[in-house]
Amino acid sequence: MRDVTIRLAKPDECEEIQKIFNAPENGQYLGGFTQLEPIKSKQSAGSLAVAVEFDGTIVGANEVSTKHDHRLQMQLVAVHPDYKQSKIATALYTYWAIKAALNGRYMRTDTIIGDNPIMPQLLPTLGFKPGIVERGKVRRHHSLTQWVHSFLEDDPRFDRCPNDFKFEIEKTEKDDKNFADVCVLLHKQGRMDDTLKLAELREWVVEEFVG
Ligand SMILES: CC(C)(COP(=O)(O)OP(=O)(O)OC[C@H]1O[C@@H](n2cnc3c(N)ncnc32)[C@H](O)[C@@H]1OP(=O)(O)O)[C@@H](O)C(=O)NCCC(=O)NCCS
């Protein structure tokens, strides 16, 4: 039985997270060396999740951007070299999928074809589908593929994530407001079925994961 908790990062964990992002086998896929300041600002914005073992060892981290109205943009994710292929990244993505469900948002992430051999394998296992491909977008003329996960198309119920991970998740007033805004928008568009689907998923998520 694993004893790993997924929760928001604390201020004194930023340096440990930086070490994981900058581990030689990770940094090459994260655009090079990650500075401490952007990690600290993600932490203070509540946009950085960590996977922590029972003894406090940080085994993975995943940051997002919440600036976009209707989506949660997945950003850097990395797992400690000694803990890979133990579903840590799956659990970190599940944390943000739960948050996205609370907000009525869909999820998007970018990955670079050719550069990263794992993400194109990992993302479909989480319900992401490849969306727009921007050819020659990034250095060395690689293409950038945007992967999208919409709860309206694929109800995940998070069955890829082993249920021995612990999640510490709060539902905030901002989550409530964002969700209400999405419902108003869907109502205006006459999409009652979609509203009900998101509401039902949100209710399930609250029952299962929100303490
Ligand atoms: C990508 C990364 C975060 C995956 O973390 P992880 O915790 O090892 O991934 P998981 O154990 O959750 O794997 C989930 C799925 O991803 C795929 N996957 C993971 N590692 C893989 C590997 N080495 N080779 C092929 N597929 C792999 C598999 O489909 C796996 O499902 P399975 O266990 O049923 O086979 C980790 O390898 C890492 O830190 N890489 C360097 C940083 C990086 O590339 N970040 C992404 C760009 S931001």
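# Exercises on the ligand site and pockets

By class, ten nonpolar, seven polar and three charged residues make up the shell around the ligand; Ala, Val, Leu, Ile, Met, Phe, Trp, Tyr, Cys and Pro count as nonpolar, Asp, Glu, Lys and Arg as charged, and the others, Gly among them, as polar. The model is predicted: local features need pLDDT of at least 70, side-chain atom pairs count only at pLDDT 80 or more, and totals for chains, interfaces and linings use all residues. Residues are numbered from 1 along each chain as its sequence is written, and side-chain values use heavy atoms, with hydrogens and water left out.

**Exercise 1.** Find how many residues surround the ligand and which are the closest.

Step 1. Count a residue as near if one of its heavy atoms lies within 4 Å of the ligand. The shell then holds 20 residues, and the closest are Gln85, Lys87, Thr90, Asn116 and Arg160.

Step 2. Assign the shell to helices (DSSP H or I, at least four residues) and strands (E, at least two), numbered from the N terminus. Strand S4 (71-79), helix H4 (88-103) and helix H5 (119-125) each supply at least two residues. H5 gives the largest share, four residues.

**Exercise 2.** List side chains with an N or O atom close to a ligand oxygen, using polar contacts (N or O pairs within 3.5 Å).

Step 1. The side chain of Thr90 places an N or O atom 2.6 Å from an oxygen atom of the ligand. For Lys87 the corresponding distance is 2.7 Å, and for Asn26 it is 3.4 Å.

Step 2. Taken alone, the ligand exposes 920 Å², of which the protein buries 80% (Shrake-Rupley method, 1.4 Å probe).

**Exercise 3.** Describe the largest pocket and what lines it.

Step 1. On a 1 Å grid over the protein atoms alone, a pocket is an open set of points where a 1.4 Å probe fits, with protein on both sides within 12 Å along at least five of seven lines; lining residues have an atom within 4 Å of a point. The ligand takes up space in the largest pocket (more than half of its atoms lie within 2 Å of the grid points).

Step 2. This pocket holds about 1,100 Å³, a volume filled by probe spheres set on the points. Its lining has 37 residues, with Val77, Asn116, Ile118, Met119 and Leu122 nearest the centre.

Step 3. S4 supplies the largest share of this lining, seven residues. The lining divides into 16 nonpolar, 13 polar and eight charged residues.

Technical notes:
A residue is near a molecule or strand if one of its heavy atoms lies within 4 Å of it. A polar contact is a pair of N or O atoms within 3.5 Å; within protein, one must be able to donate a hydrogen and the other to accept it, and residues adjacent in sequence count only if both atoms are side-chain atoms.
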